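Let's walk through this structure together, one feature at a time.

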Amino acid sequence: MIKGFILIKSKNVRSINSQLIPNHLVKELNVSKISDDLNKNLLKDGYLFIRNVYKKDDIKNAKNRILKHLYEVGEVKKPYSDGIFSGVSNRKELYPNIVELGKFWRKISESNQLRKVINGKEIINVFENIFKEKVNHFSFAWLRAVIKGKASPLHIDHPYMNRGTDKLLTCWTPLSSIKKNEGTLFVLNNSHKWIDIKKKFLNHDIDLNPSIPGHITENTLDLVSRKKSYFLTSDFEPGDCLIFGMFMIHGSFDNNTSIGKIRLSCDTRFQPYSEPMDHRFSGINPSAHKGLGYSCLSSSAPLTENVINK
């Protein structure tokens with residue numbers, strides 16, 4: 001097993017669960033242009049990293065709408081547009097149970113400002129370019145607010161949303177500038193081709209088999225070493241997006257912010273319109289995992305309870 005667990009003192013480092021990631025294992029994502037053959041790039045790399053897809057004003061409006069809601073429950077300092085965690089919360093006083101917390105997060109996730117970005121014409125055009133046909137998307141959105149601390153575990157998306165088409169794609173959208181030490185998303189190079197991982201998780205449904213983990217339990221650096229791989233990421237800016245398939249291994253670095261910055265991002269899923277859709281994440285009132293709706297997301301809980309974001 002690779003050693004390397006350290007106390008993170010410097011804020012300008014990349015780590016996973018406080019385990020320092022060596023610089024030589026972190027490389028830049030290849031940038032695709034909207035004018036490229038996107039399907040070809042996706043098949044080759046397993047992902048598409050495209051800059052300036054969204055209008056920056058639309059991103060700003062969506063971000064400020066989210067932060068205003070967090071400010072109203074005491075979780076963001078003034079001015080709320082800076083997105084600095086206050087260290088306190090009265091979210092549970094206003095929304096005292098899991099159902100009410102889910103309704104609160106749904107209200108934010110379904111705001112017109114956010115939907116104009118994540119379901120808007122700009123990103124629709126990108127996916128129509130990929131699929132070469134009309135596209136559809138989940139109505140459920142995975143909005144994340146990540147404070148300083150640990151972030152999402154290493155995983156592939158297949159076990160979480162595999163009751164529809166196998167042509168489903170994830171689109172990760174940063175809602176502010178996110179530097180590499182502030183919890184950026186990463187993918188592992190060529191991991192979409194790793195047959196052993198695909199075989200292990202193929203047809204695994206976490207809602208049907210909750211006793212079996214949906215995430216990868218092997219230490220991330222051990223896996224990277226075993227596969228002779230490396231991390232691919234970037235400093236993300238408003239307007240960027242990262243697209244990948246259901247078997248691309250990904251996660252996020254710890255948010256090692258030195259100023260208390262909240263990392264905001266949103267995951268959405270797109271597919272060809274002609275393909276069947278996972279019913280858990282579609283329709284007016286998507287049931288999501290275990291029928292919990294937006295309550296299934298850790299971000300629906302107060303940020304004070306959300307040091308480890310899943």
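Start at Asn190, which sits in the loop between strand 9 and helix 7 (195-201). Helices (H or I, at least four residues) and strands (E, at least two) are DSSP runs, numbered from the N terminus. Asn190 is not a glycine, yet its phi is positive, about 65°.

Before going further, a word on what you are looking at. This is a predicted model, in which local features need pLDDT of at least 70 and side-chain atom pairs count only at pLDDT 80 or more, while totals for chains, interfaces and linings use all residues. Residues are numbered from 1 along each chain as its sequence is written, and side-chain values use heavy atoms, with hydrogens and water left out. The predictor's confidence in each residue, from 0 to 100, is its pLDDT; the protein has a mean of 94, and 95% of its residues reach 70 or more. Over residues 1-10, however, pLDDT stays under 50. Where pLDDT is low, the predicted coordinates should not be read in detail.

Now step back to strand 9 (residues 185-188), which is joined by two bridges to strand 10 (residues 231-233) in an antiparallel arrangement. Two strands pair if DSSP finds at least two bridges between them. Within this pair, Val187 stands opposite Leu232. Both strands belong to an open sheet of four strands with mixed pairing, in the order 3-10-9-12. At its edges are strand 3 (26-28) and strand 12 (250-252), each pairing on one side only.

Another loop is worth a visit: the one between helix 2 (56-72) and helix 3 (91-94), where you will find Pro79. A cis peptide bond joins Lys78 to Pro79, with omega about -15°.

Finally, turn to the second largest pocket. A pocket here is an open set of points on a 1 Å grid over the protein atoms alone, where a 1.4 Å probe fits, with protein on both sides within 12 Å along at least five of seven lines; lining residues have an atom within 4 Å of a point. This pocket is lined by 23 residues, and Asp166, Leu168, Leu169, Gly245 and Met246 lie nearest its centre. Helix 1 gives the most to the lining, with three residues.

Note on methods. Contact means heavy atoms within 4.5 Å.
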